Amino acid sequence: MINASTKFIALIGDPIEHSMTPVIQNEALEALGLNVRNIAFRVRREEFKEAVYGAKALGILGLMVTIPHKETAAKIADELDWLASLTGSANLLHFCNDKIKGYNTDGYGASQSLKNAGVDVVGKKVAIIGAGGAGRCLCFQMLLDGADCVHVFNRTYEKALQLAEEVKRKLPHANVYAHRLGVEELRDVLSNVDILINATSVGMHPNEDDTPVPKVCLHRHLVVFDIVYNPLETRLLREASEVGAMTINGVDMLVYTNVKAVEICVGVQPSFELMKQRCLQELRKRALH
Ligand code: NAP
């Protein structure tokens with residue numbers, strides 16, 4: 001029960017109504033027996049700064065930050081962790097000793113998700129579809145995790161090119177290549193790739209018939225990781241299974257991202273399994289409506 005001593009972690013973004021974060025985090029916080037809860041607020045772009053300083057003044061422990069505030073969050077922080085600093089994007093602001101510490105826990109979520117599935121990134125050739133917020137983050141993370149190279153495909157080719165150039169500037173020894181999102185180029189590059197990651201919104205509910213990579217480009221030696229988590233099995237994952245590839249959906253990444261955020265804000269590691277079960281239950285419930 002919420003009482004006068006309850007502390008809060010807040011989620012801010014716009015839109016916010018679809019977010020799984022409050023449901024998943026509250027399950028974990030309750031199970032830990034902590035008088036801490038997660039609460040979501042829709043905050044418009046122009047009111048972000050006031051919201052952050054207001055939250056700090058209210059004694060809120062930390063802010064999970066989502067679209068469209070991740071870049072502004074990195075700018076407002078006094079200190080950044082390495083991924084937030086490399087990407088210029090933070091999804092968690094932790095109020096600590098009068099300072100605002102910015103973190104990017106998406107990379108951790110993706111790394112842990114691959115590890116959980118038994119996939120070792122070291123020395124692997126990786127292809128990432130998407131050069132938006134998640135694509136940028138995963139590109140840096142995979143290279144820092146020891147990938148041999150990363151191929152970035154994006155609908156807007158210039159964004160893939162800009163990302164590749166930025167990565168090379170910040171990580172001079174990294175092998176990173178930009179590509180156009182076309183069937184010929186996909187088929188050619190993917191024939192020599194170990195891990196394919198979809199970091200676009202293509203295939204996400206309600207556009208479940210869409211896929212970012214045509215089936216003819218897939219093969220059984222690929223690990224296909226789709227960070228979309230609604231639906232649980234996207235068309236990309238279904239077609240990857242049909243050709244015999246190993247598949248990973250976006251649920252573990254989402255849950256690990258929240259595990260890390262709770263750990264940073266309250267100093268105790270919550271149960272991944274419990275949060276995952278609650279997440280799956282909520283996703284199934286929403287699929288029925
Ligand atoms: P974003 O910054 O808006 O980027 C969207 C990306 O999708 C861009 O690369 C965009 O290409 C591409 N895209 C959109 N529509 C497309 C289409 N019809 N055809 C081809 N490419 C298209 O979004 P984001 O924050 O990176 O998120 C991307 C997805 O990842 C979302 O579905 C989000 O829910 C999911 N996600 C999941 C997790 C998790 O924990 N599992 C975490 C973060 C994000 P252009 O540059 O050409 O527009």
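Colleague: From which domains does the shell around the ligand draw at least three residues each?

Modeller: In this predicted model, 22 residues surround the ligand. At least three residues of that shell come from each of two domains, namely domain 1 (7–104 + 252–287) and domain 2 (107–249).

Colleague: Which elements give two or more residues to the shell, and where does the ligand sit?

Modeller: Two or more residues of the shell come from each of the elements α6 (133–144) and α10 (251–266). As for the site itself, the ligand sits in the largest pocket.

Colleague: How far does a polar side-chain atom of Lys159 lie from an oxygen atom of the ligand?

Modeller: Polar atoms of the protein can be followed one by one here: for Arg155, a polar side-chain atom lies 2.9 Å from an oxygen atom of the ligand, while for Leu254 a polar backbone atom is 3.3 Å from a ligand oxygen. For Lys159, the distance from a polar side-chain atom to an oxygen atom of the ligand is 2.6 Å.

Colleague: Which residue does a cis peptide bond join to Pro231, and where does Pro231 lie?

Modeller: Pro231 lies in the loop between β11 and α9 (235–242).

How values were computed:
Residues numbered from 1 in each chain as written. Predicted model: local features only at pLDDT ≥ 70, side-chain atom pairs only at ≥ 80, totals over all residues. Heavy atoms only, no water. Near = heavy atom within 4 Å. Polar contact = N/O pair within 3.5 Å; in protein donor to acceptor, adjacent residues only side chain to side chain. 1 Å grid on protein atoms, 1.4 Å probe; cavity = no way out; pocket = protein on both sides within 12 Å on 5 of 7 lines; lining within 4 Å. Sits in = over half its atoms within 2 Å of the grid points. Helix = DSSP H or I, 4+ residues; strand = E, 2+ residues; numbered from the N terminus. Domains from an automatic or database assignment.
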